[in-house]
Amino acid sequence: MKSLYIESNRNPEIKELILKKFQQDGFYLLDLSPVPLSLLETSLSSQMAYLNQDIKKVINKETKVILIKTNVYDIAFETLNRNFKNVINCRIPFPGQGWQKEFQIKFKKALDIAGV
């Protein structure tokens, strides 16, 4: 989403259109924590309840869940896999700080597993 937003010259109206189209296509981007990590005073794993609540609001039994960022996968996969049917078992690094190529490879693999 960040790449698409930057390509729009950071136009907030275009960002909103991109996000709406993304959701209309059946995709959602949810954060593990509602609090920015720089402000989080507890462990990231303590935020799982928020992610569970957010996911329940937007998915149905056919929705595929792909976790992005290795520490998010490590924290969330087992719990989500127990609670939801279609959690994709693929550990994907965040596409920053030199991990862009690995992200592309792993994200494509996750999409293939998901049948997208």
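This is a predicted model: local features need pLDDT of at least 70, side-chain atom pairs count only at pLDDT 80 or more; totals for chains, interfaces and linings use all residues.
With ring centres required to lie within 6.5 Å of each other, the count comes to two aromatic pairs. Tyrosine 73 and phenylalanine 77 form a stacked pair, with 4.9 Å between the ring centres and 20 degrees between the planes. The assignment as stacked follows because planes under 30 degrees apart are placed in that class. Tyrosine 73 and phenylalanine 77 belong to helix α4 (residues 70-83) and, being four residues apart, are separated by about one helical turn. An α-helix has 3.6 residues a turn, so residues three or four places apart point the same way. Phenylalanine 77 is also buried, at 7% relative accessibility.

Phenylalanine 103 and phenylalanine 107 form an aromatic pair that is likewise stacked, at 5.3 Å centre to centre and with 10 degrees between the planes. Helix α5 (residues 100-114) holds both phenylalanine 103 and phenylalanine 107, which are four residues apart, about one turn of the helix. Phenylalanine 103 has a relative accessible area of 16% and is therefore classed as buried, since the limit for that class is under 20%. Phenylalanine 107, by contrast, has a relative accessible area of 26% and is partly exposed.

A further ring is placed against a charged side chain. Lysine 69 lies over the face of phenylalanine 94, at 5.8 Å from the ring centre.

Serine 33 is located in the loop between α2 (12-24) and α3 (48-58). Its relative accessibility is 8%, so serine 33 counts as buried. A polar atom of the serine 33 side chain lies 3.0 Å from the backbone oxygen of valine 35. The side chain of serine 33 also makes a polar contact, at 3.1 Å, with the side chain of glutamine 47. When residues up to four places away in sequence are not counted, serine 33 touches Leu40, Leu44 and Gln47.

Glycine 26 follows α2 and has a positive phi, near 90 degrees.

Note on methods
Residues are numbered from 1 along each chain as its sequence is written. Side-chain values use heavy atoms; hydrogens and water are left out. Rings of Phe, Tyr and Trp (its six-membered ring) pair if their centres lie within 6.5 Å; planes under 30 degrees apart count as stacked, over 60 as edge-to-face and the rest as tilted. Helices (H or I, at least four residues) and strands (E, at least two) are DSSP runs, numbered from the N terminus. Buried means under 20% relative accessible area, exposed over 50%, partly exposed in between (1.4 Å probe, protein chains only). A charge sits over a ring if NZ of Lys or CZ of Arg is within 6 Å of the ring centre and within 35 degrees of the ring normal. A polar contact is a pair of N or O atoms within 3.5 Å; within protein, one must be able to donate a hydrogen and the other to accept it, and residues adjacent in sequence count only if both atoms are side-chain atoms. Contact means heavy atoms within 4.5 Å.
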